[in-house]
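The sequence and the model are shown first, and the description follows.

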Amino acid sequence: MSERRYEPGTIEPRWQQIWERERTWEVPNRSGLDAPSIPQPAAERESAYVLEMLPYPSGEPHIGHLKVYSVGDAIAHYERRLGRRVLHPMGYDSFGLPAENHAIKTGEHPRDSTAASIASFQRQFRSWGISIDWSRELATHEPAYYRWTQWIFLQLLRAGLAYRREAAVKWCPNDQTVLANEQVDADGHCERCGALVEVRQLEQWFLSITDYAERLLSDLGSIEWPEHVKTMQRNWIGRSEGAEVTFRCEEIDVDYQVFTTRPDTLFGATFFVMAPEHPDVVRLSAGTEHEQAVREYVNRSLTESNEDRGNLEKPKTGVPLGRTVTNPVNGEQIPMYVADYVLMEYGTGAIMAVPAHDERDHAFAVQYGLPIRRVVEGGDELPYGGDGPLTNSHPDFDGMHNRQALSAIVDWLQREGKGHASVNYRLRDWLVSRQRYWGCPIPVVYCERCGMVPVDEADLPVRLPDVDDYQPKGRSPLAAAEDWVRTKCPQCGAPARRETDTMDTFVDSSWYFLRYCDASNDGAAWDPSVLRDWMPVDQYIGGVEHAILHLMYARFLTKALHDLELLDFEEPFRALFTQGMVTKDGAKMSKSKGNVVSPAAIVERVGADAARCYILFIGPPDQDIDWSDEGLEGVYRFLSRLWRIAADIADIRTPAATDGPENPIDADLELMRKTHWAIEKVSGDLRRFAFNTAIAAVMELVNDCYRLREQADIETLAFAISSAASLLFPFAPHLGSEVYEMLVGERVWEQPWPAGDERYLAREEFELVCQVAGKVRDRVMVPSDADEQALIDACLAAPNVKSHLEGREIVRSIVVPGRLVNVVVR
Ligand SMILES: [Zn+2]
Ligand SMILES: [Zn+2]
């Protein structure tokens, strides 16, 4: 027995140095004739793109980073050893609020704190042994990167997909910036800081994601994503079918469009309600006795959360506008209201209210004594949301089933020019301007003569200037950099002012995966032929918290760039895997709870291999897992056992490639079977992300090696243990390399992924009990599909049965299928 100990502190740096020195994980782009001229079908590609979502560099990496990169690295290694050229890059999503808020507090330039954090991430990724192609590293705050973010913005601007308009925007009073809808939680609080969000009217930049709503929805069918993520995207897009109907306000001569999913209930519309954010609300009430009340109501309700406003339980409030609109189906004048239960985000920000058939409208009508007219029969109670024949409508429709009436009424509206069938989406255009410093400058200037003018592409990047004061004041801190703001109009040369808003950081991260493919190209954002070789990403890995933000934006931008003929694919991520959280004592790790597990400390104590194996072993990686130090110790012991038995074998055997003995029997046969079983098991488990059961299979194999080490041949043991190292390599790359080198003398990552040998891959088996005259004499493994005669033959061939049959005459054999054979003798 070897006295030496498994020392990850020695083993791991040695392999990391080899990988770094030899640039083992770098993969060059194919160029010219080598590059594919047309996109390759996924199954035929010899290139694979394995990508984890890029980290946000703030402080040090946390345990969630260790998990996601351990998952991605296992897949990258597996794909490489299947013979593919694997792109596995790394970068940093380095613009954003935390670095800026840190600057506000400490005065440290975000560039410096970001650089320090990136250095810490780089150090730790190396110490974890993640197989990264460092030649493609990027950070979104570097001018060499954001130059192309600005270039993409200009392409969108030229195509009319980026535009400016005044809008009621969500404003975080604490962060002093505009937030996207997605950055406001269900209770109306800022996702970043928790402050209650307010509403303001400001000129803002938008990207036209709603133009892509239908394709974002239908193309979900073409990608291999988890169903729950697709469902979240579908719900966010929120497609509903119905009709757009025109209600006319005769007094001010304006048509208002309303989207309704229930045009069959139009005859039951008894009032009309607008959202407080509707731009016409104040104008409509101007000069009426309600003007003052409307103003007050609007100001009050804008600060409430959408959740509260939409809440069924909440008492309904509202104020009359002092005007009426004409119901287009019956010419009735119905009163107009402003009420906060109507949201600007839905439809057109105005609704027809049908109190007999809608709960909220009903509550409002009861509250304000408005008429309630039933137009669909059925049920006893009002409001009634079900189906039935129409009533109180029009002789043409009364008695008609409402589903049928629905399309009949839409046809009628269309003929009369009062409406048409329509599809509505919950998805809103993407608000991308931010009044913050630490972001990508928007590359446009404002000229007094020419208006808004894009910066010339040749003048990109528009560099972020240094400022002294990061304190937000309701306008971007960039506005204070007067020398920077003052510029010349690219069109006429007259004095002009730069845009001082910066872009939402989600713009930076919605195209970084394209840049990795061609990261050192300084003449273009990418070369299309290079992208053709790598894109789309074959396997994307990240947290489910990005299901609707990042993943929707990246899909949108890819489609937009495709339509501008800059890409020849429409979906960025062919397959997606979402990993679960790592908790401690059942709770999310946080400094305030004091339950943070630091990856650096764990790696220092037990090594990266044990940390990585453990985090993949404690449960299926898509599930949340709870960290346990005892569990970590158990995995560390397993790795020690693997190393020790390898060291013992290496002491008495010269390293050499081996497939085990030629015709093994007994213990050797058992171990050969176990090894090939493990090869099959780990291969299958890797393909379906079942890393926990894959690692468990290697543990079983190592246990069997210990159990059979006295009986088995040294070649068998060498084969079994080197196979264990080879199979464990994707999860524990240092130890896998070390053990494989000790026993085989080769680099494991240069070896093809092992294949199970049919001869040893027993089909399903069971243990057959062999009796002679009712007494158990032996047990043998037999195939589950063996017929009765095969079972009898196996029993008679069992060594201990043979010896008990000597000198006796067999009368007959009784077979209990799936269990035993009893040989009756005389
Ligand atoms: Zn905030
Ligand atoms: Zn000009």
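## A parallel strand pair

Strand E22 (residues 539-543) and strand E23 run parallel and are joined by four bridges. Within this pairing, Ile541 has Phe577 of E23 as its bridge partner. Strand E23 covers residues 576-579; Leu576 and Thr578 point one way from the strand, Phe577 and Gln579 point the other way, and all are buried. Buried means under 20% relative accessible area, exposed means over 50%, and partly exposed lies in between, with a 1.4 Å probe and protein chains only. Helices (H or I, at least four residues) and strands (E, at least two) are DSSP runs, numbered from the N terminus. Two strands pair if DSSP finds at least two bridges between them.

## Basis of the description

This is a predicted model, in which local features need pLDDT of at least 70 and side-chain atom pairs count only at pLDDT 80 or more, while totals for chains, interfaces and linings use all residues. Residues are numbered from 1 along each chain as its sequence is written, chains are lettered from A and ligands numbered from 1 in the order in which they are written, and side-chain values use heavy atoms, with hydrogens and water left out.

## Overall dimensions

The protein has 26 helices and 30 strands. Along the principal axes, its C-alpha atoms fill a box of roughly 115 × 75 × 55 Å. Of its 826 residues, 56% count as buried. Among contacts in the protein with a separation of 6 or more, 72% come from residues 24 or more positions apart; contact means heavy atoms within 4.5 Å.

## An open antiparallel sheet

Strands of a sheet pair through backbone hydrogen bonds, either parallel or antiparallel. Here, four strands form an open sheet in the order E6-E5-E7-E15, with antiparallel pairing. Strand E6 (177-179) and strand E15 (430-431) stand at the edges, each with a single partner strand, so one side of each has no neighbour in the sheet.

Strand E5 (residues 162-172) and strand E7 (residues 198-207) run antiparallel and are joined by 10 bridges. Tyr163 stands opposite Phe206 in E7. Helix H5 (residues 143-158) lies across E5 and E7 and runs at about 90° to E7.

Two packed helices are described by the angle between their axes and the distance between the axes. Axes are lines fitted to C-alpha atoms, for helices over the stretch in contact, and angles run from 0 to 180 degrees between N-to-C directions. The axes of helix H21 (residues 666-687) and helix H23 (residues 714-728) come within 9 Å and cross at roughly 10°. That angle makes H21 roughly parallel to H23; angles under 35 degrees count as roughly parallel, over 145 as roughly antiparallel, 65 to 115 as roughly perpendicular and the rest as oblique. The contact involves residues of H21 including Leu671, Met672 and Ile679, and residues of H23 including Leu717, Phe719 and Leu727. By class, the residues of this contact of H21 with H23 are nine nonpolar, four polar and one charged. Ala, Val, Leu, Ile, Met, Phe, Trp, Tyr, Cys and Pro count as nonpolar, Asp, Glu, Lys and Arg as charged, and the others, Gly among them, as polar.

Helix H1 (residues 8-22) and helix H24 (residues 733-744) pack at an angle of about 90°, with their axes 9 Å apart. H1 is therefore roughly perpendicular to H24. Among the residues in contact are Trp15 and Trp19 of H1, and Pro733 and His734 of H24. The contact of H1 with H24 has four nonpolar, three polar and four charged residues.

## Backbone exceptions

Most residues other than glycine have a negative phi, and most peptide bonds are trans. The peptide bond from Leu460 to Pro461 is cis, with omega near 0°, and Pro461 is found in the loop between strand E18 (451-454) and helix H13 (482-485). The bond from Met535 to Pro536 is also cis, with omega near -5°; Pro536 is found in the loop between helix H16 (528-534) and E22.

Asp666, which is not a glycine, has a positive phi of about 50°. Asp666 is found in helix H21 and counts as exposed at 61% relative accessibility. Phe689, likewise not a glycine, has a positive phi of about 60°. Phe689 is found in the loop between H21 and helix H22 (691-708) and is buried, with a relative accessible area of 12%.
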